[in-house]
Amino acid sequence: MNQADWKNRLALIREGFLSALAKTEAAGLAEFETHHLGRKGELTLLLRDLKDFPIEERKAMGALGNALKEELTAKLAEKKAATGAGAV
């Protein structure tokens, strides 16, 4: 995988996450979070692939990946707040 492929996969993960999040009901948000952002989630696995890149590329691409993870985590938190799924 090269840098362009990695960035394309990152964009696809973002699009897929946002599309699926819009369709997810409050009851399914915990499973959704695990599937997309958990240890074996798509984004986590993609971030693990950074080990195969040179250090300079790794830094820049890692920053992109981490920014996306923060964005997706925030979107998920917004959805939980809007649906009341985050309430204990």
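**Exercise 1. Determine which residues of helix H4 are buried, and what covers them.**

Solution. The model is predicted: local features need pLDDT of at least 70 and side-chain atom pairs count only at pLDDT 80 or more, while totals for chains, interfaces and linings use all residues. Residues are numbered from 1 along each chain as its sequence is written, and side-chain values use heavy atoms, with hydrogens and water left out.

Next, consider the cover. It includes helix H1 (3-23), helix H2 (29-37) and helix H3 (42-48); helices are DSSP runs of H or I with at least four residues, numbered from the N terminus.

**Exercise 2. Compare the span of H4 with its expected value, and describe what follows the helix.**

Solution. H4 covers residues 55-83, which is 29 residues. Just after H4, Gly84 adopts a positive phi of about 80 degrees.

**Exercise 3. Classify the packing of H1 against H4 and against H2.**

Solution. Axes are lines fitted to C-alpha atoms over the stretch in contact, and angles run from 0 to 180 degrees between N-to-C directions. Angles under 35 degrees count as roughly parallel, over 145 as roughly antiparallel, 65 to 115 as roughly perpendicular and the rest as oblique.

For H1 and H4, the axes come within 11 Å and cross at roughly 0 degrees. H1 is therefore roughly parallel to H4. The contact (heavy atoms within 4.5 Å) includes Trp6, Leu10 and Phe17 of H1 and Met61, Leu68 and Leu76 of H4. By class, it has 11 nonpolar, two polar and six charged residues. Here Ala, Val, Leu, Ile, Met, Phe, Trp, Tyr, Cys and Pro count as nonpolar, Asp, Glu, Lys and Arg as charged, and the others, Gly among them, as polar.

For H1 and H2, the axes come within 11 Å and cross at roughly 175 degrees, so these helices are roughly antiparallel to each other. Phe17, Ala20 and Leu21 of H1 meet Leu29, Phe32, His36 and Leu37 of H2. This contact has six nonpolar residues, one polar and no charged.

**Exercise 4. Describe the largest nonpolar core and the surroundings of Leu43 and His36.**

Solution. A nonpolar core is a set of buried Ala, Val, Leu, Ile, Met, Phe, Trp, Tyr and Cys residues joined through side-chain atoms within 4.5 Å. The largest has 17 residues, and those with the most contacts inside it are Trp6, Phe17, Leu43 and Leu76. H1, H2, H3 and H4 each supply at least two residues of this core, with the largest share, five residues, from H1.

Leaving aside neighbours within four places in sequence, Leu43 is in contact with residues including Leu10, His36, Gly65 and Leu72. His36, in helix H2, is buried at a relative accessible area of 10%. With the exclusion of neighbours within four places in sequence, His36 is in contact with Phe17, Ala20, Gly41, Glu42 and Leu43.

Methods
Expected span 1.5 Å × (residues − 1). Buried < 20%, exposed > 50% of the residue type's maximum accessible area, 1.4 Å probe, protein only.
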